[in-house]
Amino acid sequence: MTPSQAEARIAELSQQINYYNHQYYQEDHSEISDYEFDKLLEELIQLETDFPEFLTEQSPSQRVGGTITKEFETAMHETRMLSLGNTYSEEELLAFDERVAKGLEHRNFEYFCELKFDGVAISLVYENGKLVRAVTRGDGTKGDVVTENIRTIRNIPIFFSDQEVPAKFEVRGEIFLPRKEFEKINSERAENGDPLLANPRNAASGTVKMQDSSIVAKRRLNCYFYQLITNETEVNQHDSAMALLEKWGFNVSPTYKKCDSIKEVLQYIEEWREKRHSLPLDTDGVVLKVNDYDQREELGFTAKIPRWAIAYKYQAESAESQLLSITYQVGRTGAITPVANLSPVQLAGTTVKRASLHNANEIERLGLYEGDYVFVEKGGEIIPKITAVSIEKRNSEAQPVRYIAHCPECGTELIRRESEAKHYCPNTQSCPPQLLGRIEHFVHKRAMDIDSLGTERIRALIDQGYISNFADIYDLESKSDELLGLEMNQDQYQKTDEGMLYISLHKALFALTEGISLSAIGKFLEENIENALEETLKNFLTYIRESKKKVAQNVGTIQLLEGLLQSYPFPKVEDFLPLPLVLSLLIGKKAGISRLKEVAIHESTVHGILLKLNLDLSKEQEDRIKKLKANTFQEGVITNMIEGIKASKEQSFERVLFALGIRNIGENTAQILARSFKNIDNLKNASSESLLEVNGVGETLVNSLKEFFSEEENIQIIDRLKAQGLNFEIEEIERALESNVLEGKKILASGKLNHFKRDEIIDFVEANGGQYVKSVSKSLDFIIEGEDMGPSKKEKAEKLGVKLISEEDFMKMMGKEF
Ligand SMILES: NC(=O)c1ccc[n+]([C@@H]2O[C@H](COP(=O)([O-])OP(=O)(O)OC[C@H]3O[C@@H](n4cnc5c(N)ncnc54)[C@H](O)[C@@H]3O)[C@@H](O)[C@H]2O)c1
Ligand SMILES: [Zn+2]
């Protein structure tokens, strides 16, 4: 680079950085990511180092980024408020460590590590035990006086009455808006139709500079402190200063650590890389500071940063991509999660094609329009997220993204419960993913234990209409012929928000071409993973020509596909193709695209679509379509499945009761209920009182039971299951009584017993014909009084006139002497 080129680049960079600084500090707005910003600054510093003749005092490399605002009084900082040098690399951190060691002539030193809190710096000045001034960092020399606003923060000490504090001291820290608070504010704003706040840092910064402190008070800001400045204490080390701050009642984040070496610092950095996401506020790195003040003085400062501290910033890499479409996933609980389909982009070493959008609030917060260019980041979460929209690049005719109103799986209108961010599909009975969840529970090892019914098989049976409730499982035997040929692997399908079925590009290209194997196509796609669909198809044409197999025919089909994709406005989903287009190429004129579109909605497999169409296909067409289908049920699989289902009829009533998946009835409760009520009819007809008398049964459970038995459908299913031979009563052999000494007696034990553990006494009472009751009530025949029986229970028993007998007397009564 020539000097004049460098000069021009320095001018350009300075201008850009000044602009972003203004946006960031004055407008509380980031147009680029911190990482990109820091890269610009780094480039500037490098050029100024290489060409020192162009370094000026006005350069943004020499000045703290903020300024003061006109709306507030300003105050000078007695000690300048500086920036921190930062780095994203371990290498540079080691270089920093070497500089420090050299600066201290290789004497011993310690680092004090803290997290870098992502908020707004503040300086508080105390005089005679009172907060007199709160000032923002401003340009580092002077800042805005925002005392009134800061006084609203509840855990900031305003005066000290009974603490010894220096007559004059200053503390510095970071004001932040807890993430929860931020989300709460935004959901309120969404409700009122107000524009949403972009992120907690900007929100905190905007709040600190508000004119009306009564609004500030409502925002629940918080603050972490990390610096004490005073010459009135003996303190000469940062760790003791922090201890003092804590003692005086300043909020200090408990995440700090003193380290003996840079190696330990690196461990600290790794320790917090993921863990920091569980903190109540955003953090973007680690600050390491030399612990000893004398050593700090020896090291000194540059124009805007101390030489004794540096920030290591965790990289949240960001990349730009285009939103192709949004698909909505329905979970096993009915919760809806929107997922953005993106044009492929490289991010942190992987190709990203999807990003989670969490819920409708998130879409609204981002202000997403169809086809928007968006920034994606990979933070602590595994699934990348969209952090911002590039509004300048938006097509002027684009429409805002509209959240779906109906379940893409079953078409039921969605609901949104108050105070919940997610939408739900209320169709718990027959919405496929929800039904899947319930059937998975039913066949679970600890329930009916049908391990030949794995998730894929259940899903296939649900999707293709063979199972819509538990009882249907036991009808499968009589339908085993029909099951042959059912499709199994759902990974090859996708559905859009409207329920339109898509098929994986992998399978589609396999079926559309001849003479090219599935694995060869897989390999080709692997090599094209970074490309968008159009690009991939173009490359595929070249690939076909090079493969020299049925070139003319294969090329022709793929070109037809390209044409169809252009003429029909199907939403784009990377790696998948709309099934109607693919099918139309395979079955020729037998069904038009509009007819195929009609039947492909709310269908889940090619098999299902074909059943609906009921076409007369040629052998060749059938063969090609077969290539499109997923793995199918084979004879062996079916036999094995039916065997497992038959065997499950032997499961005990306890297991069956648990398998029914009645809300709040876990394995233990199912056991207790089965033993107490012996059969399903007794349980169904049991009064609330008799239910409540059972150990472990509370109001919620009673309600769940009532609700369950009040649904006609559940009763019908139970009747069918009974007819199919499942156990709905306790097997008598198991319940053979040891004696009937306690027959008809209601008994409770309280306090510690010597001869029984808690559950043993229950079994013992029941095995001798008695009924164990869990709470003190008039209906009790007696209470076995153990050691240390609770006084309130005893009092209640005496008041109700219930007899108390000792454990010894009880044993005698049972004819057992110990
Ligand atoms: N995206 C953008 O457009 C844009 C524009 C300007 C600045 N920025 C970002 O803002 C960052 C902040 O710059 P800066 O100069 O305000 O701060 P800095 O990164 O230079 O660090 C100094 C600040 O860190 C804060 N801090 C948090 N935890 C701390 C701790 N434990 N100990 C000491 N200080 C702690 C303090 O507020 C202090 O003032 C830059 O690195 C840049 O990434 C982004
Ligand atoms: Zn549904």
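Colleague: How many helices and strands does the protein have?
Modeller: This is a predicted model, and the protein averages a pLDDT of 89, with 97% of the residues scoring at least 70. The scores for the model as a whole are ipTM 0.93 and pTM 0.50. Within the protein, the secondary structure comes to 33 helices and 23 strands.

Colleague: Among contacts between residues at least 6 apart in sequence, what percentage join residues at least 24 apart?
Modeller: The protein has 818 residues, of which 33% count as buried. Among its contacts between residues at least 6 apart in sequence, the share that join residues at least 24 apart is 69%.

Colleague: Is K116 buried or exposed?
Modeller: An unreviewed UniProt entry places the feature "active site" at K116, and the residue sits in strand β3, which covers residues 111-117. Leaving aside neighbours within four places in sequence, K116 is in contact with T283, D284, G285, V286, V287 and A311. The cut-off for burial is 20 or more other C-beta atoms within 10 Å. Because K116 has 21 C-beta neighbours inside 10 Å, it counts as buried.

Colleague: Where does R137 lie, and which residues does it touch beyond those up to four places away in sequence?
Modeller: R137 is among the positions where an unreviewed UniProt entry places the feature "binding site". With 24 other C-beta atoms within 10 Å, R137 is buried. It is found in the loop between β5 (130-136) and β6 (142-144), and, not counting residues up to four places away in sequence, R137 touches V64, G66, M81, A121 and G143.

Colleague: At roughly what angle do the axes of helix α1 and helix α2 cross?
Modeller: Helix α1 spans residues 3-26 and helix α2 spans residues 34-50, and their axes come within 10 Å. The crossing of α1 past α2 is left-handed. Between the N-to-C directions of the two helices, the angle is roughly 145 degrees.

Colleague: By class, which residues make up the contact of α1 with α2?
Modeller: From α1, the contact is made by A6, R9, I10, L13, S14, Q16, I17 and Y20, and from α2 by F37, L40, L41, E43, L44, L47, E48 and D50. An α-helix has 3.6 residues a turn, so residues three or four places apart point the same way. Sorted by class, the contact of α1 with α2 has 10 nonpolar, 2 polar and 4 charged residues.

Colleague: Which elements do the buried residues of α26 pack against?
Modeller: Helix α26 runs over residues 667-677, and its buried residues are A670, I672, L673, A674, S676 and F677. Just after α26, K678 takes a positive phi of about 70 degrees. The packing partners of the buried residues of α26 are α25 (653-659) and α27 (680-685).

Colleague: What positive phi does R220 have, although it is not a glycine?
Modeller: R220 is found in the loop between α7 (213-218) and β8 (222-229). It is partly exposed, because 17 other C-beta atoms lie within 10 Å. Although R220 is not a glycine, its phi is positive, at about 50 degrees.

Colleague: And what positive phi does K550 have, although it is not a glycine?
Modeller: The place of K550 is in the loop between α18 (533-547) and α19. With 15 C-beta neighbours inside 10 Å, K550 counts as partly exposed. Its phi is positive although it is not a glycine, at about 45 degrees.

Colleague: What distance separates the C-alpha atoms of V551 and G515?
Modeller: V551 lies in helix α19, which covers residues 551-567, and it counts as partly exposed because it has 14 C-beta neighbours inside 10 Å. Not counting residues up to four places away in sequence, V551 touches I544 and R545. V551 and G515 are 36 residues apart along the chain, and their C-alpha atoms are separated by 9.6 Å.

Conventions
Residues numbered from 1 in each chain as written. Chains lettered and ligands numbered in written order. Predicted model: local features only at pLDDT ≥ 70, side-chain atom pairs only at ≥ 80, totals over all residues. Buried ≥ 20, exposed ≤ 12 C-beta atoms within 10 Å, placed from the backbone. Helix = DSSP H or I, 4+ residues; strand = E, 2+ residues; numbered from the N terminus. Contact = placed C-beta atoms within 7 Å. UniProt positions renumbered as here; feature names shortened; annotations may be inferred. Axes fitted to C-alpha atoms, helices over the stretch in contact; angles between N-to-C directions. Left-handed = near helix turned anticlockwise from the far one by under 90°. Nonpolar A, V, L, I, M, F, W, Y, C, P; charged D, E, K, R; others polar. pLDDT = per-residue confidence, 0-100.
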